[in-house]
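Me: I would like to work through this protein slowly, one question at a time. Could we begin with the terms?

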Amino acid sequence: MSDCTGEEILRELFGHLNFDYDETFGNANNIPCRMPYITSMFMPRSPTDRPVPVPECSKNLAFVSQFVEIPEEVVFTVEFSVRVAQIAVYQLLDIEQEIPPINHYDKSIKVKFDAVIKAFA
Ligand SMILES: Cc1cc2nc3c(=O)[nH]c(=O)nc-3n(C[C@H](O)[C@H](O)[C@H](O)COP(=O)(O)OP(=O)(O)OC[C@H]3O[C@@H](n4cnc5c(N)ncnc54)[C@H](O)[C@@H]3O)c2cc1C
């Protein structure tokens, strides 16, 4: 795959999806981009491996983005980064606003049911 051009990769994908490449993407520039560390945030970790957004006793330093620890939050999402930034800003600036709760989709009966349907569709 690393030897393929962007057009070749997209043509292959569109073949599987049954889309007409020339009609939809015929004039597009496709530049492949390799992301060798993209799964690094999914590495197993223990609760103390990553810092919390605002370290204990910190008055003016916080960590944002994906490599911080928020219990039960799911990495590799925009939601994660936004939530971390909210935690950092609210905590450092003493803003009394509620951080939106984490959605427990993994515990939702509807999501589980939809997943089963999708798996056998
Ligand atoms: C292919 C792909 C698909 C994805 N799909 C989804 C999806 O469907 N849903 C979802 O929720 N999430 C998805 N994500 C994850 C989501 O995009 C990221 O988790 C999110 O964008 C991270 O936001 P961030 O602000 O923490 O970091 P980033 O968006 O990575 O922002 C960091 C910024 O810092 C800049 N920067 C880095 N180093 C320096 C430096 N030294 N000085 C100055 N600036 C610097 C970078 O240029 C960048 O602009 C996807 C990610 C990828 C790669």
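Reply: Helices (H or I, at least four residues) and strands (E, at least two) are DSSP runs, numbered from the N terminus. This is a predicted model, in which local features need pLDDT of at least 70, side-chain atom pairs count only at pLDDT 80 or more, and totals for chains, interfaces and linings use all residues. Residues are numbered from 1 along each chain as its sequence is written, and side-chain values use heavy atoms, with hydrogens and water left out.

Me: In which loop is serine 65 found?
Reply: Most residues other than glycine have a negative phi. Serine 65, although not a glycine, has a positive phi of about 80°. Its place in the chain is the loop between helix H2 (21-25) and helix H3 (78-92).

Me: Is serine 65 buried, partly exposed or exposed?
Reply: Buried means under 20% relative accessible area, exposed over 50%, and partly exposed in between, with a 1.4 Å probe and protein chains only. Serine 65 has a relative accessible area of 38%, so this residue is partly exposed.

Me: What is the phi of aspartate 94, and is this residue buried or exposed?
Reply: Aspartate 94 is found in the loop between H3 and helix H4 (109-120). Its phi is positive, at about 55°, although aspartate 94 is not a glycine. Because its relative accessibility is 67%, aspartate 94 counts as exposed.

Me: Where is isoleucine 38 found, and what is its relative accessibility?
Reply: Isoleucine 38 is found in the loop between H2 and H3. This residue counts as partly exposed, because its relative accessibility is 31%.
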